Amino acid sequence: MALFDLATLLKENSYPGRGIVIGKSKDGKNAMIAYFIMGRSVNSRNRIFERFEGGMRTKAFDESKLSDPHLIIYNPYLTTKGGNIDIITNGDQTNTVFDYINEGKTFADALNIREFEDDAPNWTPRISGVLYYCFPRNVFAYKMSILKSANGRGESCRRFYFDYNAPENGIGHFIHTYKCDGNPIPSFYGEPEEVELPNTAEELADLVWTNLNEDNKVSLFVRCVPLDGSEASEIIINKNV
């Protein structure tokens, strides 16, 4: 698979929608997560990320402008007790994955009961990721998934799962809801794009936020988890402040 420059992928796409990047820092010391949201409508753009203990939520920036919360208000990030599993998604399937894992079931078990979003004619895909840590051994592995319509057919859901063991230093995988802007918006297709990653949360946040379309970007979450078990570093950037 070709190795892509993440900045170029973002800069050349005015509307990738919502996106997840997961991988390992260039120096091999950290697991890295980035999640961003974008919006074209007033309702979608009227959001911020807000951290809470054990997770992060989306929240209306101006409650008076919130018109339909069911697809835009959710927990993009949750971590299991003990902090050895991180879950990142673009919708309320975060909670489904969290509940299933806590019941001893799998990432795929959880997503097999979910479908793409009910926002015809776009049928926005549900993208998800989960990271598993083993801190005494300084290792981690991750999985990603996309649930999408079958060529825009709302009656058929296709589920794709990607498993990444022993991640390479400086390499991550990028999956996003839309291939590009359009009407209806075409869904992402193919495998997650393999991208180069830097060393720190600050570098990754700057790389992503700077290159997202200025009009459409809304919020960004970056989490950098040292594989020696020391404290994670996080950055949240909200366009609405």
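1. The largest nonpolar core of this predicted model has 26 residues, and Ile 20, Ile 88, Leu 131 and Tyr 133 have the most contacts inside it. At least two core residues come from each of β2 (19-24), β3 (30-38), β8 (126-134), β9 (139-150), β10 (153-164) and β13 (217-226). A nonpolar core is a set of buried Ala, Val, Leu, Ile, Met, Phe, Trp, Tyr and Cys residues joined through side-chain atoms within 4.5 Å; strands are DSSP runs (E, at least two residues), numbered from the N terminus. A second, separate core of 23 residues includes Leu 6, Tyr 15, Val 21 and Ala 201.

2. On the basis of the model: residues are numbered from 1 along each chain as its sequence is written, and side-chain values use heavy atoms, without hydrogens and water. Local features need pLDDT of at least 70 and side-chain atom pairs count only at pLDDT 80 or more, while totals for chains, interfaces and linings use all residues.

3. Lys 143 lies in strand β9. Its relative accessible area is 25%, so Lys 143 is partly exposed (buried means under 20%, exposed over 50%, partly exposed in between, with a 1.4 Å probe and protein chains only). The side chain of Lys 143 makes a polar contact with that of Asp 163 at 2.8 Å; such a contact is a pair of N or O atoms within 3.5 Å, where within protein one must be able to donate a hydrogen and the other to accept it, and residues adjacent in sequence count only if both atoms are side-chain atoms.

4. Asn 238 is in strand β14 (residues 233-238). With a relative accessible area of 18%, Asn 238 is buried. The side chain of Asn 238 makes a polar contact with the side chain of Ser 219 (2.7 Å). Leaving aside neighbours within four places in sequence, Asn 238 is in contact (heavy atoms within 4.5 Å) with Ile 48, Phe 49, Val 218 and Ser 219.

5. Of the 17 residues that line the second largest pocket, Lys 148, Ser 149, Asn 151, Ser 187 and Phe 188 are the closest to its centre. A pocket is an open set of points on a 1 Å grid over the protein atoms alone, where a 1.4 Å probe fits, with protein on both sides within 12 Å along at least five of seven lines; lining residues have an atom within 4 Å of a point. Strand β9 gives the largest share of this lining, four residues.
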